[in-house]
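Subject: Structure handover and notes

Dear colleague,

I am passing on the structure below for you to look through. My notes on what was found in it follow.

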Amino acid sequence: MQKKLAKGIIVIFGASGDLTARKLMPAIFSLYQQKDLSKNNIILGVSRTAFSDESFRQKMQETLSEEYPKDKKAIEKFLKQVFYQEIDVYTDDGYRSLHKRLQLLCKVHELQHNFLFYLSTPPSLYYEIPVHLANLGLSDESGGYKRIIIEKPFGTDEESACALNSHLLRNYRESQLFRIDHYLGKETVQNLLVFRFANAIFEPLWNAAHIDNVQIYTNEEIGLGSRAGYYDQNGAIRDMIQNHLLQLLGIVAMEPPAKMDAYSIRNETLKVFQSIRRFKSAEDIRQNVVVGQYQEGCVKGVIKGAYKDEQGVAKSSTTETYAAIRFFIDNWRWHDVPFYVRTGKRLNQRVSEVVINFKPTPHPFFSQVQKISKFKNQLVIRIQPDEGIKLSFAAKEPGSGFKTHEVDMGFYYSDFAQKEMPTAYERLILDALQGDNTLFARNDAVEACWNIIDPIIHYLHKNGKTMLSFYPSGSFGPLESDKMLAELGHAWRNPSSVFKQNKKDKNT
């Protein structure tokens with residue numbers, strides 16, 4: 001049963017920025033529409049940009065009206081709960097004025113002193129803002145909760161992540177810190193926990209005795225957009241694998257938790273990260289890592305340029321826009337089962353999936369007549385788009401003999417037409433308001449993920465030019481990635497853009 005929200009204020013630092021307009025305010029408005037957020041919870045935007053309450057509301061109204069064109073009256077009503085405070089985030093005076101505004105809003109609107117601070121800011125301010133808030137007593141929970149949501153990147157390597165964690169934990173308890181990873185807020189990712197641990201038919205098969213390999217990937221059609229400055233300094237591994245995809249791997253591979261609570265679940269994902277085999281030599285990295293960079297090519301009929309032609313990217317750049325890594329987990333459940341993780345930009349389509357490839361039957365009775373060569377049962381969890389879960393298996397075709405065909409059994413979120421799926425930010429903001437940090441990264445897990453990735457990053461920094469492969473825009477990535485899987489007799493699932501098949505299209 002969902003907890004009733006306590007009265008309080010959502011404080012958004014960086015409120016004049018793009019993330020607030022595109023993601024945060026639409027998510028908060030949606031929660032308001034669904035009555036998850038009531039008139040007892042108000043929003044205070046904070047930044048250095050000069051806005052009044054009214055001019056900030058006008059800016060947010062323009063954004064929300066584009067997203068929800070039919071909800072004009074609801075938007076106007078919602079925006080009465082939205083306020084704005086201009087401050088200089090580097091000065092004590094700025095925070096004192098913010099503190100006074102918070103006290104005033106609580107008094108006028110009869111609110112408890114519950115504050116959720118969302119840092120939609122450059123990472124450098126993760127050192128500034130929390131300290132200033134703590135100096136004014138805004139980390140003390142004796143009069144109400146004080147929580148901070150922190151956007152990625154959380155550090156740039158293990159050393160910087162440890163330093164930031166140490167810095168934050170001087171003034172806040174771990175339970176007050178919510179390191180947001182919007183991938184973990186996606187409905188299909190959350191459903192993985194239910195799928196595994198609520199169904200007795202799958203958990204007994206979830207191990208090395210029955211699973212041949214696991215694939216976790218996020219393919220993107222887009223290039224850099226306006227992120228060239230950030231992306232060229234970081235690359236695909238830091239941008240996607242260290243956080244989003246390793247967190248997914250942790251959920252897929254975890255042991256059953258003692259309880260379905262944040263502490264127990266996050267303990268089990270940490271154990272997975274601690275069990276991932278580290279890369280200890282250059283040979284380890286060269287055998288298990290493929291990096292690539294996109295060149296000119298055709299994406300859905302449109303010619304797209306090379307990465308080095310993007311504005312803000314150096315012509316000599318060796319930054320990877322594609323990465324595929326083969327991980328092994330050294331525990332009893334997953335002994336010698338490869339986990340293939342990949343991500344890339346300018347690929348043939350946008351799609352994120354977790355693919356469980358089961359081992360073939362020990363004696364293929366129907367191999368002589370089966371249409372599908374080397375058939376294996378496959379479970380696909382589609383995270384985006386066209387979200388759902390699909391299991392492929394062999395069945396006999398009508399008629400004489402044992403001619404078999406691959407068929408699917410699936411569950412698709414689009415079947416629930418009466419209920420719109422919440423966005424990741426909706427779910428995660430609501431969880432933070434309720435104090436549920438199950439789907440947020442814990443400090444030790446963040447550090448463990450960097451410990452896995454750091455050796456690869458350091459090696460690429462020195463040898464990136466010799467490691468880099470190239471692939472045309474609109475493809476599935478470099479051929480070297482396919483060769484890495486073929487070494488162990490595996491192949492990528494290269495999905496179509498349509499996940500759910502219409503009955504009339506099926507031929508079984």
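Eight of the 11 residues of helix 7 (residues 187-197) are buried, so helix 7 is largely enclosed by the rest of the structure. Here buried means under 20% relative accessible area, exposed means over 50%, and partly exposed lies in between, with a 1.4 Å probe and protein chains only. The buried residues of helix 7 are T188, V189, Q190, N191, L192, L193, F195 and R196. Helices (H or I, at least four residues) and strands (E, at least two) are DSSP runs, numbered from the N terminus.

Before going further, please keep in mind that this is a predicted model, in which local features need pLDDT of at least 70 and side-chain atom pairs count only at pLDDT 80 or more, while totals for chains, interfaces and linings use all residues. Residues are numbered from 1 along each chain as its sequence is written, and side-chain values use heavy atoms, with hydrogens and water left out.

Turning to the sheets, there is an open sheet of six strands in the order 3-2-1-4-5-6, with parallel pairing, where two strands pair if DSSP finds at least two bridges between them. Its edge strands, each of which pairs on one side only, are strand 3 (82-86) and strand 6 (177-179). From one strand to the next the twist averages 20°, and for angles in general the axes are lines fitted to C-alpha atoms, for helices over the stretch in contact, with values running from 0 to 180 degrees between N-to-C directions. Helix 1 (residues 18-33) packs on this sheet and touches strand 1, strand 2 and strand 4 (115-119), its direction making about 165° with that of strand 1; contact means heavy atoms within 4.5 Å.

Within that sheet, strand 1 (residues 8-13) and strand 2 (residues 41-47) run parallel and are joined by six bridges, with N41 in strand 2 as the bridge partner of G8. Strand 1 is also joined to strand 4 by five bridges, again in parallel, and I9 stands opposite F115 in strand 4. Strand 4 in turn pairs with strand 5 (residues 146-150) in the parallel sense over five bridges, where F115 stands opposite K146.

Why is strand 4 described as largely enclosed by the rest of the structure? Five of its five residues are buried, so the description follows from that count. In a regular strand the side chains alternate between the two faces of the sheet. In strand 4, F115, F117 and L119 point one way and L116 and Y118 the other way, and all are buried.

K146, found in strand 5, counts as buried at 4% relative accessibility, and, leaving aside residues up to four places away in sequence, K146 touches H113, F115, L138, S139, D140, E141 and Q176. K80, found in the loop between helix 3 (72-79) and strand 3, counts as exposed at 63% relative accessibility. The C-alpha atoms of K80 and I42 are separated by 8.7 Å, although these residues are 38 residues apart along the chain, whereas K146 and K300 are 154 residues apart in sequence and 47 Å apart in space, C-alpha to C-alpha.

Strand 13 (residues 351-358) is likewise largely enclosed by the rest of the structure, because eight of its eight residues are buried. Both of its faces are covered, with V351, E353, V355 and N357 on one side and S352, V354, I356 and F358 on the other, all of them buried. Strand 13 is joined to strand 7 (residues 211-219) by eight bridges in the antiparallel sense, and Y217 stands opposite E353. Strand 13 also pairs antiparallel with strand 14 (residues 378-384) over six bridges, where R382 is the bridge partner of E353.

Finally, the axes of helix 8 (residues 228-253) and helix 12 (residues 443-467) come within 10 Å and cross at roughly 145°. In this contact I237, R238, I241, Q242, L246 and Q247 of helix 8 meet V446, C449, W450, I452, I453, I456, I457 and L460 of helix 12. C449 counts as buried at 1% relative accessibility.

With kind regards
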